[in-house]
Every structure is written in structure tokens, then in C-alpha cells.
Amino acid sequence: MPALDVYFETDRLGAAIAPWLGVIPAFFRLTVRPGRPEFAYYWPNDPNWSDFPFPMHEGVAYIFSGDGLAARAAGGAFRLRAAIKVMSGELTRPELVALRIWHELLHAVGQPADDMVPLADRWLPPEGFAGFTKEREAKRSVDTNYWQQQFYHWLTLRAIDDEVRQKKPA
Ligand SMILES: [Zn+2]
């Protein structure tokens, strides 16, 4: 099970978001720590990432305030490292933020968290797939908590499956 220490940039962020980490399955062993992790700006000239703080070490997730930052990205991940940006206007929607954290954690364990649409016939049962397709045909957004949760659960099971397989002797 991937274990990550979770750091919040401010107490305000922690108070709003930490209680919602339970939305993320226990496969991800998250431990909230005080203080801030070591981080770096890896692509200072890229408008998506310029002042986006990435944790420097594996096993760390950093949740920081995006207020006043220039970087466009809302989240990013490397192997067992994740960084998630939260705007203060989003603190009233903590579930959305928890799903964003879950999304980046899935990237951090190598899952294709951006492929909800191309993988739809695999993660949805037939009835669900029909409903999902209808939403898309009606040009309604499928980037909603409802669909994302189902997709992320499926990806988490996939990550568990991958881990079990890797542990088996060849
Ligand atoms: Zn992504």
C-alpha cells in the first residue's frame, strides 16, 4: 500500500480539507503531518508550472493555496509524490478538493487518471456506460464528483491489483 505524508500549507487549508481525506480509499495510507515539506519549482519558465511547488521526496503529498500564484496547473504528480493546488473559493467544496487529491495520488501510483472518457466502457457497467454516453451526447460535463468517484474507485482497484501482482514471485 502506498504510504504518503500529507502536508497542508496553512492551518486553514488543513482544517477545511483534512476531514475529507476519508473520501480516498484506505489503500492510500495517508498521514497528515504538521509543517511543510521540502519542495522545488521544477519548470520555472513553463506557465503551467512556474511557481507550482512540487515535493522533493517520494512519499509526500503537498496541498497548497493557489491564491496569487501564476502556475495554471491544479495538480501534478511524480512517482509517489503529489502536489495539489486549492483556491480559497474552493474551500466550500471540500469533496471536490478531496477528489483532486485522489486523482493526483492515482497518477502517483501510475494509474491513467486522465483517461476517464477513453476508458469509459471498461470502468462502467453497461447501464452506467449508457448514461455516461447520454450525458456526453447532450454536451453535459462528465467532470463531476459523481462520475469521477466511480472512475477513481475502479482505478484504485486496478492499482491494488497491480500491487498484488508485483508481489507474486515470478
Ligand atoms: Zn491528471
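Colleague: Hi! Is lysine 168 buried or exposed?

Modeller: Lysine 168 is exposed, because 6 other C-beta atoms lie within 10 Å. For reference, a residue is buried if 20 or more other C-beta atoms lie within 10 Å of its own, exposed if 12 or fewer, and partly exposed in between, with C-beta atoms placed from the backbone. Bear in mind that this is a predicted model, where local features need pLDDT of at least 70, side-chain atom pairs count only at pLDDT 80 or more, and totals for chains, interfaces and linings use all residues. Residues are numbered from 1 along each chain as its sequence is written.

Colleague: Where is lysine 168 found?

Modeller: You'll find lysine 168 in the segment after H5.

Colleague: Which strand is joined to S7?

Modeller: Strand S6 (residues 75–78) is joined to strand S7 (residues 81–86) by 4 bridges, and the two run antiparallel. Strands pair if DSSP finds at least two bridges between them. Alanine 77 has alanine 82 in S7 as its bridge partner. The hairpin has 2 residues between the strands, and leucine 80 takes a positive phi near 55 degrees there.

Colleague: New topic. What domains is the chain divided into?

Modeller: Domain 1 covers 1–110 and domain 2 covers 112–170; these bounds come from an automatic or database domain assignment. Their C-alpha centres lie 22 Å apart. The contact takes 10 residues from domain 1 and 9 residues from domain 2, where two residues are in contact if their C-beta atoms, placed from the backbone, lie within 7 Å.

Colleague: Which residues touch the most other members of the largest nonpolar core?

Modeller: Those are Ala61, Ile63, Ile101, Leu105 and Leu106, in a core of 37 residues. A nonpolar core here is a set of buried Ala, Val, Leu, Ile, Met, Phe, Trp, Tyr and Cys residues joined through C-beta atoms within 7 Å. The largest share of this core, 8 residues, comes from H2. Both domain 1 and domain 2 give at least three residues to this core.

Colleague: And what is leucine 106 in contact with?

Modeller: Leaving aside neighbours within four places in sequence, leucine 106 is in contact with Gln111, Ala113, Tyr152, Leu155, Thr156 and Ala159.

Colleague: Staying with H2, why does valine 97 count as buried?

Modeller: Valine 97, which is found in helix H2, counts as buried because it has 25 C-beta neighbours inside 10 Å. Not counting residues up to four places away in sequence, valine 97 touches Ile17, Trp20, Val86 and Glu90. Valine 97 and alanine 16 are 9.8 Å apart in space, C-alpha to C-alpha, though 81 residues apart in sequence.

Colleague: Last one: how many of the residues of the chain count as buried?

Modeller: Of the 170 residues, 28% count as buried. As for overall size, the C-alpha atoms fill a box of roughly 45 × 45 × 35 Å, taken along the principal axes.
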